[in-house]
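Dear colleague,

Please find the structure below. My notes on it follow, and I would ask you to read them beside the sequence.

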Amino acid sequence: MPQEQATNLVFLNGSDGNAITSAELVSGWGEFSNPAEVDIRLLVNGGEAEVAVQQKMKSVAETRFDCFAILDVPYNSTNTATDMVTFRTVDQNFNTSYGALYALWPKIYDPYNDLLIQVPPSGYIAAQYAYNDYVGNPWDAPAGFTRG
């Protein structure tokens, strides 16, 4: 078990003290564009569900031809099925075989703060993809009775 932290650490801002912007995230994802420089198979959204960020992740995956973008529906768009469909068809409005969109943020227990918190689904989905590759083949579906 990790030691208890004596002071409360807050990780909200970048190195300049300002909140990270969508433009900075888009620029950061651009660093993954060249497959000769960066070996990566999964691009994980991690809850940063701005459409511009997701568009860049999709673009990187489509340009590389060797990776897959795991995208999240924004938390505030998961209240109803209609909200999720609206985000997918109106706000995001793109189609690709190099990415997938996941919704419904799971609740997990945070033992350090004794709280239930909701986290983006992309982390769990990426873990399932990695597990699938470990027990099967990358071309096998990461779902079903055997691997799901």
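Which residues make up the largest nonpolar core? That core has 11 residues: Trp29, Ile40, Leu43, Val53, Met57, Val60, Ala61, Cys67, Ala69, Leu71 and Phe94. A nonpolar core here is a set of buried Ala, Val, Leu, Ile, Met, Phe, Trp, Tyr and Cys residues joined through side-chain atoms within 4.5 Å; buried means under 20% relative accessible area, exposed over 50%, and partly exposed in between (1.4 Å probe, protein chains only).

The model is predicted, so local features need pLDDT of at least 70 and side-chain atom pairs count only at pLDDT 80 or more, while totals for chains, interfaces and linings use all residues. Residues are numbered from 1 along each chain as its sequence is written, and side-chain values use heavy atoms, with hydrogens and water left out.

The greatest contribution is that of α2, with four residues. Another core, of six residues, lies apart from this one and includes Phe68, Ile70, Ile125 and Tyr129.

Two backbone angles also deserve mention. Phe65, in the loop between α2 and β2, has a positive phi near 70° although the residue is not glycine. Phe65 is exposed, at 60% relative accessible area. Leu104, in the loop between β3 (99-102) and β4 (107-110), likewise is a non-glycine residue with a positive phi, near 60°. Leu104 is exposed, at 54%.

Yours sincerely
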